[in-house]
Amino acid sequence: AEENGAYPAGHTLGALGLVVRGPDGEPAPEVPVVISVAGDAGSLAGGKQSARATSDDDGRVSVACTLPERAGSFELDVAIPEQPGPPTRLRLAVAAGKPATVEARGNHQAAVAGMRLPLPLGVRVADRFGNPVAGVPVTFRVTDGTGRLGAGAGSGEHTVATDASGVASSPFVVASEAGPNKVTATVQGAEHPVEFTAFGTEV
């Protein structure tokens with residue numbers, strides 16, 4: 001489930017493995033440890049915020065946890081009650097999950113025929129928890145009319161990836177004839193394309 005060093009938001013890790021080591025660096029068996037969630041996001045198995053465990057013959061401790069629904073990080077403190085000193089802090093990176101929702105931006109605008117719309121056509125892509133999903137290819141395509149897409153406004157098709165805010169957009173110049181223009185945005189991984197209507201008006 002790990003991708004680019006991060007786990008998806010809301011993901012449940014069935015067995016996060018830890019190794020307890022002694023002063024010599026060797027794995028330490030039969031050592032009691034306390035594992036606690038640092039912060040107020042995410043949980044251990046059963047919704048708990050802390051749990052006790054004992055390392056096995058190889059010094060290993062396994063813990064199940066559910067990551068936060070918000071992208072960022074998930075932190076655990078691992079303490080050995082028999083030893084003084086601060087706990088060891090573990091940090092897991094939490095990233096947005098797969099695209100789940102697509103929101104249209106800039107729909108139903110109007111401009112004088114042959115002119116650029118006031119705002120670009122755009123979509124915002126988010127995972128099931130509302131986290132923006134970056135790097136998703138979005139293809140804008142003119143499906144009705146002779147309008148033009150892209151920064152140079154010279155094409156009937158323009159592909160751009162979502163940014164850190166989950167947004168992909170394309171400027172649009174409406175057709176030189178007055179009337180409706182239609183554009184679709186196809187989001188990779190999304191079930192249905194987004195449809196836009198823009199209107200070209202008389203001077």
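This is a predicted model: local features need pLDDT of at least 70, side-chain atom pairs count only at pLDDT 80 or more; totals for chains, interfaces and linings use all residues.
Local features were considered only at pLDDT of at least 70 and side-chain atom pairs only at pLDDT 80 or more, while totals for chains, interfaces and linings use all residues. Residues are numbered from 1 along each chain as its sequence is written, and side-chain values use heavy atoms, with hydrogens and water left out.

A search of the whole structure finds 5 salt bridges, each defined as a side-chain nitrogen of Lys or Arg within 4 Å of a carboxyl oxygen of Asp or Glu. One of them joins E75 and R89, at 3.1 Å from N to O. E75 belongs to strand β7 and R89 to strand β8, so this pair ties together parts that are 14 residues apart in sequence; strands (E, at least two residues) are DSSP runs numbered from the N terminus. E75 also forms a salt bridge with R91, where the closest N and O atoms are 2.5 Å apart. Because R91 lies in strand β8 and E75 in strand β7, that pair links parts 16 residues apart in sequence.

The partners differ in how they meet the solvent probe (buried means under 20% relative accessible area, exposed over 50%, partly exposed in between; 1.4 Å probe, protein chains only). E75 is buried at 15%, R89 is partly exposed at 45%, and R91 is exposed at 55%. Elsewhere, E103 and R105 meet in a salt bridge at 3.6 Å, N to O. Salt bridges that share partners join E75, D77, R89 and R91 into one network.

Next comes the second largest pocket, which holds about 270 Å³ of space. A pocket here is an open set of points on a 1 Å grid over the protein atoms alone, where a 1.4 Å probe fits, with protein on both sides within 12 Å along at least five of seven lines; lining residues have an atom within 4 Å of a point. Its volume is the space filled by probe spheres set on the points. The lining comprises 16 residues, with V78, A79, I80, P87 and T88 nearest the centre. Strands β2 (12-19), β7 (72-79) and β8 (88-95) each supply at least two lining residues.

Finally, V112, M115 and V203 form a nonpolar patch on the surface, with about 330 Å² of accessible area together. Such patches join nonpolar side chains (Val, Leu, Ile, Met, Phe, Trp, Tyr) within 5 Å, from residues with over 30% relative accessible area and no salt bridge; areas come from the Shrake-Rupley method with a 1.4 Å probe. M115 lies in the loop between β10 (110-112) and β11 (121-126).

Notes
Patches are made of residues with over 30% relative accessible area and no salt bridge: like charges are joined within 9 Å, nonpolar side chains (Val, Leu, Ile, Met, Phe, Trp, Tyr) within 5 Å. Helices (H or I, at least four residues) and strands (E, at least two) are DSSP runs, numbered from the N terminus.
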